[in-house]
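Let's take a walk through this model together. Have the sequence and the 3D view open as you read.

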Amino acid sequence: FPFLWNDSKKDRLWQFHLHYFNWLRNWIEKDINSFHNSVDINLIVYLIDEWINLNHKSSFDGWHSYTTSIRIRNWILFFSLYEDRLKMKYLNSIWEQIIWLNGHPEDCHGGNHWIENITALIFGCLFFNSKKSEIIYEKSLNILKKELENQIIQDGGHEERSASYHILVLDRLVETTCLIYIYKKQEVEWLEKVIIKMLIWLERVRSDYKI
């Protein structure tokens, strides 16, 4: 420490994974499942601080729509579980990322990336309580419904016909459904129907694979 968040010597996929903060989920899980503090929470906060300080808006892969989507989700998860570490600086950064993502969607690409963007906006706006967050939330939920009508085809599979992408999208939808219920105490019936349809497809694929 400090290390480079944008290292030209690393390949781009490695850079993406760095900016996702997905590794943060592994640390959280390890901390929750242990009987003692096995993870240095101060180090996590330090890394979040470092990211904010060294990755200015629209700079390289840290502000790619896909990396931003995943990072928003992971940061919110962390601060939801460790509320004592939440400061206005982090709230402001998360909100700034949500607003930026709302203005830089990957709708031109479609597919799982677009779903990632939409669900991140829904997830993110559930964490805030303002007129703007509610507008983005409602808009994103409506977009998600229309997009799923196009992306989830008749047999219940994802349009990209990739089992891994199918599982990724399904994971996001399940998480989104759970969070809407937790934060708003609402059940989204059309979303639950899509999840069931996708689960049936997945079980069929798994069954065929075993044969």
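**Cysteines, a helix and a histidine**

With a relative accessibility of 42%, Cys178 falls between the 20% and 50% cut-offs, so Cys178 counts as partly exposed. Keep in mind that this is a predicted model. Cys178 takes part in no disulfide, and the nearest cysteine sulfur, that of Cys125, lies 19 Å away. Cys125 is a buried residue, because its relative accessibility is 4%, which is under the 20% limit. A search of the whole structure turns up zero disulfides.

Next, have a look at helix 8, which runs over residues 163–184. How far apart are its end C-alpha atoms? They are 31 Å apart, and this agrees with the 32 Å that 22 residues should span at 1.5 Å a residue. Several residues of helix 8 are buried, among them His166, Val169, Leu170, Leu173, Thr177 and Ile180. An α-helix has 3.6 residues a turn, so residues three or four places apart point the same way. Just after helix 8, Lys185 adopts a positive phi of about 55 degrees.

Finally, turn to helix 1 (residues 12–20), where you will find His19. Is His19 buried or exposed? His19 is buried, because its relative accessible area is 0%. The His19 side chain makes a polar contact with the side chain of Asn6, at 3.3 Å. Beyond its neighbours within four places in sequence, His19 is in contact with Trp5, Asn6, Trp51, Asn55, Asp61, Gly62, Thr67 and Arg71.

Note on methods: Residues numbered from 1 in each chain as written. Predicted model: local features only at pLDDT ≥ 70, side-chain atom pairs only at ≥ 80, totals over all residues. Heavy atoms only, no water. Helix = DSSP H or I, 4+ residues; strand = E, 2+ residues; numbered from the N terminus. Expected span 1.5 Å × (residues − 1). Buried < 20%, exposed > 50% of the residue type's maximum accessible area, 1.4 Å probe, protein only. Disulfide = S-S within 2.5 Å. Polar contact = N/O pair within 3.5 Å; in protein donor to acceptor, adjacent residues only side chain to side chain. Contact = heavy atoms within 4.5 Å.
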